[in-house]
Amino acid sequence: MDMVNTPISQLLFKLSPPVMLTLLIQSIYNIIDSFFVAQYSAEGLTALSIIYPIQLLMTALATGTGTGVNLLISRMDGRRETTRQPDIIKSGLVLACFHFLLFAICGNLLAQAYFEMSSENELVCAQGVLYTQIVFGGSLGIFIESICTKILQAKGNMSLPMTAQVIGAAINIVLDPILIFGLFGIPKLGIAGAAIATLIGQWVAMLITYIAIKRNYSLQGHWNIRILFQIYQNGIGSIITQSLYTLYIVGLNMILKLFTEDAVTVLGIYYKIQSFFFIPLLGFQQVLLPIISYNYGANQTQRIQKIVKSALILSAGLMIIVTLIFMIFPQTLLSIFSSKKEILAIGKDALRIISLSFVPAGVTIIVTSHLQGIAKMKFSVFIIVLRQVILLVPLAWVLHFAGLKAVWWTFPLTELIAAAICILFEKDRHRLQPLS
């Protein structure tokens, strides 16, 4: 599809659905994982809530590195430059293997200490450590698949990554109850079964996308330190965004644990639910990155501004709808995961208050994507660090002295400040012009 001449609305609505469906499938199997684990063990659900931020860190490196590859290739396509692309592909795959080794080793060495720091319940710790060691030990699938998916998306192929995710997720969903509860003569594996099902789904998706890359693009390039640095440089916004989720969720968990572990579980449930309802917004974000990057390479300044304006309007509309759902049906959403009275009582207030942050969060997500797409990484990183390090956890710590309910107000306060700064960046147009 022509990234420069195709009408903006047609471009967004043509490329976004496959990405959204991919995110939907990912969200569904995350929710189903948690659902089956909750049926098996309440401690297992708490363990998944505790390990969730560390899984986000793994996802951050996987998708952030892939985003760096995506932006480089999209920008080169905009400039009609193809000679260096095999080197970028090879370098991305090398980084994927390095990240896998890093998590496989650290996951096994540090899991016990992390869970002991996060929970005093021995069963929660035992189940969490087991799950972590299996998922991190087999994480090559998610790292390779993320690179391959972003290469395909940079080339405008949104359908194959979607197909890979659908097949991988379907396998995961089918295997979850079989391996967790021991159906059809298979031994009952409990939380280890959930971890194994996740890995099998990831590896299947990896094989599908890797075979497509091998068939259609050259893998004969050479990796070097300079290209690795460029990949990190372009993907740093995405890497930092998701990595800081890990830090602030761990920080919030530590604060919430001062009240009750049920509050920690509520936060974990919230992120599972949020990942589902943010799918349209995140789908637009993933499509925006290659579109903006391509037009940046082609020096299409005015078109980029129109794309961003359209994305902001769509984002606001979507987030208003999601806010209303969280306001009206908080207990229904929570009851998918737990019927425990304490969790429902805490979660009802939490979901309603946090939902006030959704519209400003949409503004921040679109603007930081714009900044990444036009290679203004330092501005993007500044907003991300402000939002997730300088504001979120310190505000939560201050507010916790007023009680548990006050802690949830951290989210809307943080997002309002971040969105206000994003609007200032967007108004300062001369700093956001593409390079000539």
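Author: Contact means heavy atoms within 4.5 Å. This is a predicted model, in which local features need pLDDT of at least 70 and side-chain atom pairs count only at pLDDT 80 or more, while totals for chains, interfaces and linings use all residues. Residues are numbered from 1 along each chain as its sequence is written, and side-chain values use heavy atoms, with hydrogens and water left out.

Reader: Leaving aside neighbours within four places in sequence, which residues is L267 in contact with?
Author: L267 is among the residues with the most contacts inside the largest nonpolar core, which has 105 residues. Such a core is a set of buried Ala, Val, Leu, Ile, Met, Phe, Trp, Tyr and Cys residues joined through side-chain atoms within 4.5 Å, where buried means under 20% relative accessible area with a 1.4 Å probe, protein chains only. Once neighbours within four places in sequence are set aside, the contacts of L267 are I249, L252, N253, L256, W408 and F411.

Reader: Which helix gives the most residues to the core of 105 residues?
Author: Helices are DSSP runs (H or I, at least four residues), numbered from the N terminus, and the protein chain has 17 helices. With 14 residues, the one that gives the most to this core is helix α2.

Reader: At which residue does α13 bend?
Author: The bend at a residue is the angle between axes fitted to the seven residues ending there and the seven starting there. In α13 this angle is about 25 degrees, and the buried residues of α13 include I346, G347 and A350. The bend in α13 is at G347.

Terms used
Helices (H or I, at least four residues) and strands (E, at least two) are DSSP runs, numbered from the N terminus. Buried means under 20% relative accessible area, exposed over 50%, partly exposed in between (1.4 Å probe, protein chains only).
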